[in-house]
Amino acid sequence: MPILDLLHYGCHRASSEQVPGWDRIDPLFPPAVVLDMGSRGLIGLHFVVSDGLEKPNPELRKLIGSHVMLGKNQGKKLPPRKRKTKVVEKLSSSSSDLSPPPVSHPDEGLTGSVTSSITATHPEPVLSLTIPRKLGSGMSTISFADALEPGTIEVVLQLSSIAKQMLFPLERCMFFDRRAENWIAPLAVDPAYLHAMIFTAQFYFDALQSGGSAYISRRSMPHFLTTLKLLRERIANDDDQAKLSDSTVAAIMGLVGHAHLTGDFKSARYHMEGLYKIVCLRGGVTSFRKNAKLLVEILRCDIGIALHGGSKPIFFNSPSRDPFLPYPDLASLIELTKPRTTDSRQDSATFVEDIDHELAQAWTIMSDFCSVINFAVDSELRISTEIFLDTMTSVVYRLYMHFETGSKDEAIRFGLIAFLCSVFLQWKHLGMSYPHFTSMFRSCLVGIASERVASELMVWLLMIGSVSVFDESDDGWLKPLLCVNISLCGIDDWSEMQKLVKRFMWIGLVYDKPGKMVFESTIA
C-alpha cells in the first residue's frame with residue numbers, strides 16, 4: 001500500500017531549525033561503522049566489518065589489536081599510566097572540494113582554504129580502570145530504537161560493508177563526510193528508520209544478491225509492515241519536527257527504493273511525490289545542504305524512476321516554481337588538472353560549437369567534471385559530496401529538453417544521459433533497467449542518417465550505450481554498426497579507441513574495463 005495513503009501532508013511548515021542530532025542522516029552504509037554515543041551510555045563501541053581478503057589498514061589493525069588486549073585484560077586491575085600529549089595536524093587541500101583521502105580520521109573532512117593548522121589536546125586526568133568480565137555478546141549491550149531478535153541487526157552491518165562501493169561507481173574518489181555517525185545514530189533513536197534499514201538490507205541479500213524473487217521475503221516482511229505502521233502513526237501525530245525529520249525522509253526512501261527495485265513503479269512514484277512534499281515543507285532542496293548525501297539519494301531515485309517509465313522527474317519539473325540549481329563552479333578544480341587536460345578541453349570546446357547552446361553548456365560542465373574525476377583518481381584525491389550532487393542535479397534535470405527526431409542534438413542528448421546513468425546511478429548490476437529511455441536511444445542510433453553524425457561521434461555513442469543501458473539482446477544491431485564505424489575511424493587496438501573516446505567524454509574508473517570488453521568482443 002503506498003505510504004501516501006497513510007500520510008497527511010497538511011502539517012505546518014517546519015521551522016528552519018532541524019531536529020537536533022537528526023540533520024545528517026545517511027541512508028547508505030559505510031564500510032566500517034563506529035558508534036560512539038556517550039550521551040546514551042555507549043562509549044567507544046566499535047563494529048568492524050570485513051568484506052575481502054585484503055589485510056586491514058594500519059588504523060584498523062590498531063583498532064582490532066586494542067580489542068584483543070581488551071579481552072585478555074578482562075577482570076584485571078590496570079595500573080595508571082600517563083597519557084602523552086597528542087599533536088594532530090590537519091592539512092587542507094588547495095580546494096574546498098578536492099581533498100586527499102582521509103587516513104587517520106576517516107570521518108573528518110579535509111576541506112577548506114590553503115591552510116595548515118596544528119592543534120594539541122590537553123592531557124587527560126589519569127583514571128584507574130577495572131575492566132568488567134564480558135556478559136553476553138558485544139551486540140547485547142546496544143540499546144536500539146525497538147526490540148529486535150538476536151542477530152537481526154547483523155544483516156544491516158553486512159550490507160554496510162559493501163553498499164558504498166556497490167552503489168557509487170565514483171566511491172574511490174568521493175569523500176563522504178561524517179558518514180558513520182550520520183548513518184548509525186538514528187538506529188538507536190528512530191524505530192521507523194531502524195526497521196526500514198533492516199528490511200532494505202534483508203531484501204538485498206534475500207532477493208537481489210541471491211538472484212531470488214524480487215519480492216519481500218518472509219524475513220523482511222515484518223520489518224516492512226512495521227515501517228509502514230510507525231510512519232502512519234508519526235504522520236498522524238502533531239509533531240512536525242518528527243514528520244519532516246531526516247530520519248523520516250530516509251525511512252520513506254527505503255520504501256521508494258524497494259518499490260523501484262521490485263518493479264512497482266506506480267507506488268515508487270507515489271512515495272516520491274510524498275518525499276517531494278516533505279522537501280517543499282522543509283524549504284526546498286537547499287534545506288538539505290547539510291545532509292547532501294541524503295539529497296543525492298532522493299534525486300537519484302527521482303531520476304531513475306523518470307528514465308524507466310519515460311515520465312518527467314518530480315523535482316525541478318517546473319522552472320517557475322522549482323528552478324534549476326546553478327551549474328557548479330569547477331574553475332578552481334580545473335586549474336589543478338592543468339596542463340594534462342588542456343588538449344581534451346580544447347577538443348570539447350570545438351565539439352560544442354555547432355550544437356544547441358543549452359546542450360553545449362551541459363556537455364561542457366560534464367566534460368570538466370570528468371577531467372576533475374580522472375585527475376582525482378590518478379592523484380589519489382577525493383571530491384566532496386556537494387560537487388557530485390551539484391553536478392548531477394544541475395546537468396541531468398536540464399537534459400529533459402527536446403530536439404528534432406534524428407538530429408545530431410538529439411543523439412548527443414541521449415548519449416549524455418546514457419553516460420550519466422553509469423556515472424551517477426550505476427544500478428545496472430542490481431538488475432535495474434530503463435526500458436523507455438533505452439528504446440528511444442536505440443531508435444535514435446539505428447535511424448540517424450550517417451551524414452548527420454561523424455563516425456567518431458557514432459563510435460562514442462555506441463560505446464557509451466553498450467556499457468550503460470544496452471544488453472546482449474542489442475548485440476545483433478549494435479556490434480555490426482560499431483564495427484563499421486570503428487573501421488571508418490581506422491582504429492586497430494584498444495589504446496587507439498581510448499584516445500578517441502577521451503576526445504569526447506570518458507571516465508576511466510567507470511568505463512575502461514567494460515569498454516575494453518565491448519571493443520574486444522566487437523572486433524574479434
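So, ring pairs join F351, W363, F419, W460, F504, W506 and Y511 into one cluster. By pair I mean rings of Phe, Tyr or Trp (for Trp, the six-membered ring) with centres within 6.5 Å; planes under 30 degrees apart are stacked, over 60 edge-to-face, and the rest tilted. Before I go on, this is a predicted model, where local features need pLDDT of at least 70 and side-chain atom pairs count only at pLDDT 80 or more, while totals for chains, interfaces and linings use all residues. Numbering runs from 1 along each chain as its sequence is written, and side-chain values use heavy atoms, with hydrogens and water left out.

How many aromatic pairs does the structure hold? The count is 19. Take Y276 and F315: they sit edge-to-face, 5.0 Å centre to centre, with 85° between the planes. That pair links distant parts of the chain, since Y276 is in helix α9 (residues 265-282) and F315 is in the loop between α10 (292-309) and α11 (331-337), 39 residues apart. Helices here are DSSP runs of H or I with at least four residues, strands are runs of E with at least two, and both are numbered from the N terminus. Y276 and F315 are both buried, where buried means under 20% relative accessible area, exposed means over 50%, and partly exposed is in between, using a 1.4 Å probe and protein chains only.

Why is the pair of W363 and W460 edge-to-face? Because the ring planes are at 65°, with the centres 5.2 Å apart. W363 belongs to helix α13 (residues 357-379) and W460 to helix α17 (residues 455-468), so this pair ties together parts 97 residues apart in sequence. W363 and W460 are both buried too.

Rings also get charges over them here. The charged end of R398 sits over the ring of Y327, 4.3 Å from its centre, and R413 lies over the face of F414 at 4.9 Å from the ring centre. The rule: NZ of Lys or CZ of Arg within 6 Å of the ring centre and within 35 degrees of the ring normal.

Most residues other than glycine have a negative phi. F316, though, is not a glycine and has a positive phi of about 55°; you'll find F316 in the loop between α10 and α11. E380 is not a glycine either, and has a positive phi of about 60°, in the loop between α13 and β7 (382-384). Which of these is buried or exposed? F316 counts as buried because its relative accessibility is 6%, whereas E380 is exposed, with a relative accessible area of 60%.

Cysteines, since someone always asks. Taking a disulfide as a pair of cysteine sulfur atoms within 2.5 Å, the count comes to zero. C370 counts as buried at 3% relative accessibility, while C483, at 34%, counts as partly exposed.

Last stop, helix α6 (residues 221-236), where I235 is found. I235 is buried, with a relative accessible area of 5%. The C-alpha atoms of I235 and T248 are separated by 9.7 Å, and these residues are 13 apart along the chain.

That's me done, thanks.
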